[in-house]
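Subject: Model for your files

Hello,

Please find the structure below. Notes on the ligand site follow it.

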Amino acid sequence: MRVGVLALQGAFIEHEKMLRRLGVDAIEVRLPEELEGLDGLIIPGGESTTIGKVGQRWGLLEPVRAFARSGRPIWGTCAGMILMAKEVADGVPGQPLLGLMDVAVRRNAFGRQVESFEADLEVPALGEPPFHAVFIRAPVVTSIGEGVEVLARLEGGAIVAVRQGNLLATAFHPELTDDERFHRYFLNL
Ligand code: GLN
């Protein structure tokens, strides 16, 4: 299996390490032609405004949308979740998005960097034990469209992991822990 990791900015190396640990070829994607022959794509956490702008400048946004339309799986973590959403609150005006998933998200929903936190999430799709999730200036999903499945919520009810067909998005960073279950879940898509 060959899985691409969008490597414009942010936490892409950590995803690559996790993929390699699972025996998957991890390919850094910076140019549209590097999407060829991939079985899936991860859009890492980082800064969604930067990833969006650089992606737009390098002509990657439309090819990534076409990749999704072809039915291949894409997983956005944190900033990646923001980029995949159709609607973003508290974004920077005009910030480029992929707009792939029927969800609305709020950027920096928990405040600033210092308000980052970790939480144990019940994720029925992964089973027991709870998934220890790292939230770094994370977004939250504020509404979902038809066909969007909620995979995890915080204790207060905030939606932090969603799936829509071949598309997966998590507000937190599974690549920063040792728990491989979310990566395995994605590979199964
Ligand atoms: N706050 C960042 C953004 O708006 C996301 C943070 C992250 O990816 N850890 O893009």
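**Ligand site**

The largest pocket is the space that the ligand takes. A pocket here is an open set of points, on a 1 Å grid over the protein atoms alone, where a 1.4 Å probe fits, with protein on both sides within 12 Å along at least five of seven lines; a molecule sits in it if more than half of its atoms lie within 2 Å of its grid points.

This is a predicted model, in which local features need pLDDT of at least 70, side-chain atom pairs count only at pLDDT 80 or more, and totals for chains, interfaces and linings use all residues. Residues are numbered from 1 along each chain as its sequence is written, and side-chain values use heavy atoms, with hydrogens and water left out.

The largest pocket holds about 160 Å³ of space. Its lining (residues with an atom within 4 Å of a point) has 14 residues, of which G46, E47, C78, I136 and R137 are the closest to its centre.

Around the ligand (a heavy atom within 4 Å) are G45, G46, E47, S48, C78, A79, I82, R107, N108, I136, R137 and H173.

- N108, through a polar side-chain atom, at 2.6 Å
- I136, through a backbone N or O atom, at 2.9 Å
- H173, through a side-chain N or O atom, at 2.9 Å

On its own the ligand has 300 Å² of accessible area (Shrake-Rupley method, 1.4 Å probe), and the protein covers 97% of that.

Regards

Note on methods:
A polar contact is a pair of N or O atoms within 3.5 Å; within protein, one must be able to donate a hydrogen and the other to accept it, and residues adjacent in sequence count only if both atoms are side-chain atoms. Grid points are joined across faces, edges and corners, and a volume is the space filled by probe spheres set on the points.
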